[in-house]
Amino acid sequence: MKKIALFAFLGMAVAFSGCSKNEKNGGEKQANSKLPVFALIDSTEYDFGTIQEGAIVEHEFKFRNDGEYPLILNNISSSCGCTTPEWPKDPIEPKQVSSIKVRFDSKHKAGPQVKTITVYANTEPANTELRLKGIVNAAPQPVATDSVTAKK
């Protein structure tokens, strides 16, 4: 009799804990569905191809707020000082389209390049990574003239 009561008690405990987990997950899903959604219209990566050292590349990452509440871009950081992001400081309303402009200065940056731009917002997850990539050909070096040859 004690074993039956123990099994009944354990069964009810499992049933109730399962209900509370389902309610919790349902609540989280409902809360997440109301958060702003940072939805990129194009891609998270832009390949600028091959450029000459010293050139400046600019690209706009277009996005839309697919959530139900205003999207706020709190901060945007880049992996290198040579990459500068510009973003809207005002909230982006639901279904509104906006963009993040990224500028890459290739001065002193010869070779393959991959620059990461991290967008921090009031979304879940709280950050999104964007990338610029390409190849920077080294600038031609000035030809050194021999001072003796130059005098002749």
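**Entry 1: ground rules.** I am working on a predicted model, where local features need pLDDT of at least 70 and side-chain atom pairs count only at pLDDT 80 or more, while totals for chains, interfaces and linings use all residues. Residues are numbered from 1 along each chain as its sequence is written, and side-chain values use heavy atoms, with hydrogens and water left out.

**Entry 2: confidence.** I looked up pLDDT, the predictor's confidence in each residue, from 0 to 100. The protein chain averages 83, and 73% of the residues score at least 70. Where pLDDT is low, the predicted coordinates should not be read in detail.

Entry 3: Strands here are DSSP runs (E, at least two residues), numbered from the N terminus. I used "buried" for under 20% relative accessible area, with exposed over 50% and partly exposed in between (1.4 Å probe, protein chains only).

Entry 4: Two strands pair if DSSP finds at least two bridges between them. An open sheet of 4 strands runs in the order E1-E3-E6-E5, with antiparallel pairing. E1 and strand E5 (83-86) each have a single partner strand, so one side of each is left without a neighbour in the sheet. Neighbouring strands are turned by 30° against each other on average, direction ignored; axes are lines fitted to C-alpha atoms.

I then went through the pairs. E1 (residues 38-40) and E3 are joined by 3 bridges, and Ala 39 stands opposite Arg 64. E3 and E6 (residues 97-105) are joined by 9 bridges, with Arg 64 opposite Val 97. E5 and E6 are joined by 4 bridges, with Glu 86 opposite Lys 101.

**Entry 5: the other sheet.** I found 4 strands in an open sheet ordered E2-E8-E7-E4, with mixed pairing. Its neighbouring strands are turned by 20° on average, direction ignored. E7 and E8 (residues 127-137) pair in the antiparallel sense over 10 bridges, and Pro 112 has Ile 135 as its bridge partner in E8.

**Entry 6: Thr 116.** This residue lies in E7 (residues 111-121). Why does Thr 116 count as buried? Its relative accessibility is 17%. Leaving aside neighbours within four places in sequence, I find Thr 116 in contact with Ser 77, Ser 78, Ser 79, Glu 129, Leu 130 and Arg 131.

Key. Contact means heavy atoms within 4.5 Å. Axes are lines fitted to C-alpha atoms, for helices over the stretch in contact, and angles run from 0 to 180 degrees between N-to-C directions.
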